[in-house]
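Hello,

Here is the structure I promised to pass on to you. Please open it alongside this email, and I will walk you through what turned up.

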Amino acid sequence: MIKAEQISIFLENRAGRLEEVTRVLGEGGISIRALSLADTSDFGILRLIVSDHEKAKQLLKEHGFTVGRNAVVAVEVSDAPGGLHSVLHLLCGNGINVEYMYAFVHQREESAVIIFRFDRTDQAIELLQQHHIPIIPGDTLYNI
Amino acid sequence: MIFDMDIETLPREELEALQLRRLQRQCDKVYANVSFYRHAFDDAGIKPSDIKSLADLRYLPFTEKQDLRNNYPFGLFAVPKDNVVRIHASSGTTGRATVVGYTQRDIANWANMMARAYTAAGATRRDIIHIAYGYGLFTGGLGAHYGAERLGATTVPVSGGGTRRQAMLLKDFGSTVLCCTPSYSLVLYEAAREAGIDFKDLPLRIGVFGAEPWSDNMRRDIETKMGIKAIDIYGLSEVMGPGVAVECVEAQHGAHIMEDQFLVEVIDPVTKEPLPPGETGELVITTLTKEAQPLIRYRTRDITRLDYTPCCCGRTFARMFRVQGRSDDMLIIRGVNVFPSQIESILLETEGLTPYYQLVVRRDGNLDTLAVHVEVDDKLFSDEIKKLQRLEAKLQKNIKDFLGVTAQVKLVEPRSIQRSEGKAQHVLDLRNE
């Protein structure tokens, strides 16, 4: 499965919600691989790549959280100036829109891993593969 | 289907002649037996013998909720207390509860009206009726109960509470009719879903919902989700309880009022002048057959309009349209009149939102502010901020376009809005804090 599953969680802007999420995941023995927190004045969306997304979703729902699931793509980008730019340049030139992106916690050798959410995921994957840009498959990502 | 065929299809002239005879007899009775009414009639300069036509109703004095409170507990009884076989009381949110008494015949009449109501909703003696209205001093539970037994249906007196268990019973008993508040039906639906029960798979086919205002959009939402016909029933404990008016399943367009038992009018709440049919105003009810506690021109504070045109179901009883809210439910936000039910209607029409909402009204300096809190759920939720913001903006725009007031829309977590087992508390007015 070349795509990676990301879970997203709705958080009201009140004390303790974020802490509760991390508590639930921690007690469930789930590791967070990558995360991003987007916020507005009323609410936030916490996006996570975790070691076991099925279990994470189930645990969070049991604790009353609203959880969504989306397919994202983990791209290996050269860890040097211009590395990210060349990938974005390729995508932009082919009309692929990036909804959001964030970096992966764990680095591999001389590359950084960026998590991308695309508007057209399949076309984006095809394009990246055509240009030999490495993609880390979901299963590998969860266990890094 | 019509329970009391002769009465419910009585031609208007005969119905009005019946109403006049009954009105005259009621006036005789209250004048003779209830000191409150004797004084009220004398103050208004009118005697029961002055009532010669239904148009003379306008000369009779009004009765207000405060009058019931002032005569607490049994001051308005028109019969000796020994003849009263039942007492009900409505919760007094401010001050004392209002008490209502019933004779044996009042109870039988009420049960009959409820049987008519179930029949109008499409139910028969072959149905299994699950009653989730509270049993006790509240008229909902026992009113619905006696009516169901009168109909001859299999009656399940569950009362309120124990939501998870209620969902299981709905499934285990194969109930076909559900009676509760519309907001509680959604609570039950949710609980059932969590227990793996889909309402659409149950034999449940009819919902008889009342005790709080609800919109046509909420009805459509309920009917689609649950695979049932959702019928509006109206009543108030002061004049009887549930069963004063009910929608017919044939039209689902206005609730037929039991006009052989209640004489209705709509007045301008400010000038108190009676309004012509079709105009919106406050519903005023005069009981025509109550023995223990008859009421003359009781001001319900419910805002509605009346329709006397013929209905396809064949009943000749006039219809009242959805109560927009009690005149005291209405909020005034920066000078604009807003009913929670209007916001509800817009909410349900705006695609993608759940029906769980709360209006929070605050005062910011000298200006009122209105915030509409809406719960998210899995279907509505998106991982993209902009999609959620667009949803908030859409609702805000719809409210502005329709009501002319700018509300702040805030998405909140599921279950963060308190679920109630009875009437939903849609408004949190923090302006006096």
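Let me start with a pair of helices: H8(B) passes H9(B) in a left-handed crossing (left-handed if the near helix is turned anticlockwise from the far one by less than a right angle, right-handed if clockwise). The contact is made by B:Pro182, B:Ser185 and B:Tyr189 of H8(B) together with B:Met218, B:Ile222, B:Lys225 and B:Met226 of H9(B); residues are in contact if their C-beta atoms, placed from the backbone, lie within 7 Å. By class, five of these residues are nonpolar, one is polar and one is charged (Ala, Val, Leu, Ile, Met, Phe, Trp, Tyr, Cys and Pro count as nonpolar, Asp, Glu, Lys and Arg as charged, and the others, Gly among them, as polar).

Before going further, a note on the model and its labels. This is a predicted model, in which local features need pLDDT of at least 70 and side-chain atom pairs count only at pLDDT 80 or more, while totals for chains, interfaces and linings use all residues. Residues are numbered from 1 along each chain as its sequence is written, and chains are lettered from A and ligands numbered from 1 in the order in which they are written. Helices (H or I, at least four residues) and strands (E, at least two) are DSSP runs, numbered from the N terminus.

Back to the two helices: H8 (182-194) and H9 (216-226) of chain B pack at an angle of about 30°, and their axes are 11 Å apart. Axes are lines fitted to C-alpha atoms, for helices over the stretch in contact, and angles run from 0 to 180 degrees between N-to-C directions. H8(B) and H9(B) are therefore roughly parallel to each other (angles under 35 degrees count as roughly parallel, over 145 as roughly antiparallel, 65 to 115 as roughly perpendicular and the rest as oblique).

Next, the sheets of chain B. One is an open sheet of nine strands with mixed pairing, in the order E4-E3-E5-E6-E7-E8-E9-E14-E13; two strands pair if DSSP finds at least two bridges between them. E4 (154-156) and E13 (306-307) of chain B each have a single partner strand, so one side of each has no neighbour in the sheet. Helix H6 (139-151) of chain B packs on this sheet, where it touches E3, E4, E5 and E8, and its direction makes about 65° with that of E8(B). At the E13(B) end, two bridges join E13(B) to the antiparallel strand E14(B), and B:Leu306 has B:Met320 as its bridge partner.

Another open sheet has four strands in the order E20-E19-E18-E21 (chain B), again with mixed pairing. Its edge strands, E20 and E21 of chain B, each pair on one side only. E18 (357-364) and E21 of chain B run parallel and are joined by three bridges, with B:Asp429 as the bridge partner of B:Val361. H10 (340-349) of chain B lies across E18, E19 and E21, running at about 125° to E18(B).

Where do the chains meet? The contact takes 16 residues from chain B and 14 residues from chain A. On the side of chain B, H11 and E20 are the elements that give two or more residues, and E20(B) gives the most, with three.

Finally, chain A: its domain assignment gives domain 1 (4-70) and domain 2 (71-142), with bounds from an automatic or database assignment. The C-alpha centres of these domains lie 23 Å apart.

Enjoy exploring!

Note on methods
Contact = placed C-beta atoms within 7 Å.
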